[in-house]
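Let's take a walk through a protein fold together. Have a look at the picture first, and then we'll go through it piece by piece.

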Amino acid sequence: MFGPRLKGALCTLRPLREEEAETIVPWWEDLETTRTIGRRLPVGLAEERDWLAAAARDPNRFTWGIECEGRLVGISGVDQIDWLNARAVTGTVVGDPSARGKGIGSESMWLRTEFVFTQTQLHKLCSGYLSNNPASGRAQAKSGYREVGRRREHFFRDGEWVDEIVTEVLRADWAALAPPPGFSRNSG
């Protein structure tokens with residue numbers, strides 16, 4: 001399902017719209033975007049529309065568009081929710097190159113994590129990042145994610161093997177965390 005509107009200082013997480021598939025498809029065609037994430041192959045417009053429709057219906061996920069200055073710049077989500085064991089997998093991509101390096105990814109992760117731990121009963125969020133994307137690691141750390149493992153030489157990017165760093169955050173760890181500068185606790 002699409003998550004509710006969550007407002008931050010830099011960005012807003014909000015439900016995606018079907019017509020935004022046209023904005024998203026070029027992100028997966030951009031090698032600069034896909035070299036630092038697990039997804040590598042581009043998708044067509046029909047496939048992206050199907051994904052958006054499936055995301056809207058899936059009761060075991062929350063998916064948001066990341067909006068900045070009135071335009072869609074990325075996607076953030078909580079997927080593979082296991083309600084019985086109170087855990088899920090998270091991910092974020094800032095697909096618009098002009099929006100990178102401005103704290104938008106960090107803030108979107110904070111808003112998403114805050115929502116999960118104040119509005120659901122989930123206990124743990126799992127994620128990860130590629131070793132060629134240390135900015136993602138720093139952004140995750142601001143929301144309390146810790147490295148818990150490493151899959152060595154797990155992805156092949158730009159002619160080199162890169163590691164996947166496995167991360168997670170527990171509800172109690174997040175609750176004890178002071179919000180990063182510029183962030184606040186909005187709910188709970």
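Does Glu69 count as buried or exposed? Here, buried means under 20% relative accessible area, exposed means over 50%, and partly exposed is in between, using a 1.4 Å probe and protein chains only. Glu69 has 73% relative accessibility, so it counts as exposed. You'll find Glu69 in the loop between strand 3 (62-68) and strand 4. It isn't a glycine, yet its phi is positive, at about 50°.

Before we go on, a word on what you're looking at: this is a predicted model, where local features need pLDDT of at least 70, side-chain atom pairs count only at pLDDT 80 or more, and totals for chains, interfaces and linings use all residues. Residues are numbered from 1 along each chain as its sequence is written, and side-chain values use heavy atoms, with hydrogens and water left out.

Gln80 is another residue to look at. Its phi is positive too, near 50°, and Gln80 is a residue other than glycine. Gln80 lies in strand 4, and it is exposed, with a relative accessible area of 60%.

Now for the sheet. Helices (H or I, at least four residues) and strands (E, at least two) are DSSP runs, numbered from the N terminus. Two strands pair if DSSP finds at least two bridges between them. Eight strands make an open sheet here, in the order 1-2-3-4-5-6-8-7, and the pairing is mixed. Strand 1 (6-7) and strand 7 (146-157) are at the edges with a single partner strand each, so one side of each has no neighbour in the sheet. Strand 6 (residues 124-130) and strand 8 (residues 160-170) run antiparallel and are joined by seven bridges. In that pair, Leu125 sits opposite Val169 of strand 8.

Contact means heavy atoms within 4.5 Å. Axes are lines fitted to C-alpha atoms, for helices over the stretch in contact, and angles run from 0 to 180 degrees between N-to-C directions. Helix 5 (residues 134-142) lies across strand 6 and strand 8, at about 160° to strand 6.

What about helix 1? Which of its residues are buried? They are Ala21, Ile24, Val25, Trp27 and Trp28. These residues cover an arc of only 155° around the axis, so they are on the same side of helix 1; the arc is that of the directions from the helix axis to the C-beta atoms. Among the elements covering them are helix 2 (31-34), helix 3 (45-57), strand 4 and strand 5.

Helix 1 packs against helix 3 at an angle of about 115°, and their axes are 9 Å apart. On the helix 1 side, the contact is made by Ala21, Glu22, Ile24, Val25 and Trp28, while helix 3 brings Leu45, Glu48, Arg49 and Leu52.

Finally, compare two threonines. Thr23 is in helix 1 and is partly exposed, with a relative accessible area of 35%. Thr12 is in strand 2 (residues 12-14), and at 7% relative accessibility it counts as buried. Leaving out residues up to four places away in sequence, Thr12 touches Arg5, Leu6, Lys7, Gly65, Ile66 and Glu67. Thr23 and Thr12 are 11 residues apart along the chain, and their C-alpha atoms are separated by 17 Å.
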